[in-house]
Amino acid sequence: MVLVRFALLAALVSLISLPASAQTKIRYLLTSPSPTVAEATHSSVPEMLGYWKDAGLDVTVTPFNGGTGATQLVISGNAEFTMASPEALLVGRQEGADIKGVYNHTREPIYTLAVLRDSPVQKIEDLKGKTIGVVSLASGGAIVAKAMLRGVGLDPEKDVRWLPVGLGPQTVNALNAKQVDALAIWDWAYAILENSGFEFRHFVTPGTSKLLSLMLIENGAFLRANPAASTKFAQGIAKGVVFALADPEAAVRIHWAKYPASKPTNMPEDQAMREAVHVVKARLAKYILEGRVDPRYGAFTPDEWTSTQSFFLNVGFINKKIDVTDYFTNELVDGVNRFDKAAIVKQAEAYK
């Protein structure tokens, strides 16, 4: 009898010692090796403010170099999520990869062709015979720029030259040395250059103006097995967006605390903050819901996917059309939006 009571007591102690609920582990890949403040909404803010942890998630955020490679790791099951543009998702789904777009993050395109404000180039056609700088030849900016050139009757493989110029100081040097006549990069990359004194004129086309951009891409097996955790993970990013929209400076401070190397040390604090906020604001307008066809955080529309698939088919990046509902799901969206947005705004305004 004593042994039975001891066994029951031991079992009770064991149960009391267990956590109320085990946290779901999530491996999340960013697509830049050194996260900038422009990525705060979907990385440092939800992590540092506990949006994921408080929802029962144990999230490991890992910087990574490039969306294609990050998406491939999600396909292989070596990560559950990445935040990337849709190129690798389109190819992967057409080849049967088990991945889905589950959260539409930036609701407008991020890539443009641009020239310096005093450039003699007045329209895309004027780039014939010119050199275009890109971060890399495989970057999304290069892919989109080639499509823009084709759209005005230029052959991007023959009529222009392409020069990889990296990002940051290397790009500054290329512009100062007049090694490039135009750039094909993305919103906050231009903002970094603007902080160095450059001014740009941007070109878009009807086709590129309708492209989907950054989105959460999720491993399909994980999504089916963990829909609640997937919803909470995406919701953490939505909360990060609301927070940053309410107080961009607070988002910058949080990002600097998480990634100290992202804070400039060669300038006064107020200048560093001013320039960082400029980079953040280069993307903030793309998160605003007012005026969207579906004004919910994370929502996709079939029309957006139809335009995006047609665009990449026309430029030869994919070789067929499939049912666009195969690329994405909105099943998480209602749950993602089920949080107190006013409370997040209040938290941001009170953040010190």
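Me: Why does alanine 84 count as buried?

Reply: The model is a predicted one. In it, alanine 84 has 1% relative accessibility; buried means under 20%, so alanine 84 counts as buried. Alanine 84 is found in strand E3, residues 81–84. Leaving out residues up to four places away in sequence, alanine 84 touches Thr31, Gly67, Thr71, Ser213, Leu214, Met215 and Ile217.

Me: Is histidine 105 buried or exposed, and what makes it so?

Reply: Histidine 105 is in the loop between strand E4 (99–104) and strand E5 (111–116). Its relative accessibility is 2%, and the limit for buried is under 20%, so histidine 105 counts as buried. Beyond four places in sequence, the contacts of histidine 105 include Met83, Leu214, Met215, Ile237 and Val241.

Me: What makes the pairing of the side chains of histidine 105 and histidine 42 a polar contact?

Reply: The distance is 3.3 Å, and a polar contact needs a pair of N or O atoms within 3.5 Å. The two side chains therefore make a polar contact.

Me: Why is helix H9 called oblique to helix H14?

Reply: The axes of H9 (residues 227–246) and H14 (residues 341–350) come within 8 Å and cross at roughly 50 degrees. Roughly parallel requires under 35 degrees and roughly perpendicular 65 to 115, so H9 is oblique to H14. The crossing is right-handed. Lys239, Val242, Phe243 and Ala246 of H9 make the contact with Lys341, Ile344, Val345, Gln347 and Ala348 of H14. These residues divide into 6 nonpolar, 1 polar and 2 charged.

Conventions
Residues are numbered from 1 along each chain as its sequence is written. This is a predicted model: local features need pLDDT of at least 70, side-chain atom pairs count only at pLDDT 80 or more; totals for chains, interfaces and linings use all residues. Side-chain values use heavy atoms; hydrogens and water are left out. Axes are lines fitted to C-alpha atoms, for helices over the stretch in contact, and angles run from 0 to 180 degrees between N-to-C directions. Helices (H or I, at least four residues) and strands (E, at least two) are DSSP runs, numbered from the N terminus. Angles under 35 degrees count as roughly parallel, over 145 as roughly antiparallel, 65 to 115 as roughly perpendicular and the rest as oblique. A crossing is left-handed if the near helix is turned anticlockwise from the far one by less than a right angle, and right-handed if clockwise. Contact means heavy atoms within 4.5 Å. Ala, Val, Leu, Ile, Met, Phe, Trp, Tyr, Cys and Pro count as nonpolar, Asp, Glu, Lys and Arg as charged, and the others, Gly among them, as polar. Buried means under 20% relative accessible area, exposed over 50%, partly exposed in between (1.4 Å probe, protein chains only). A polar contact is a pair of N or O atoms within 3.5 Å; within protein, one must be able to donate a hydrogen and the other to accept it, and residues adjacent in sequence count only if both atoms are side-chain atoms.
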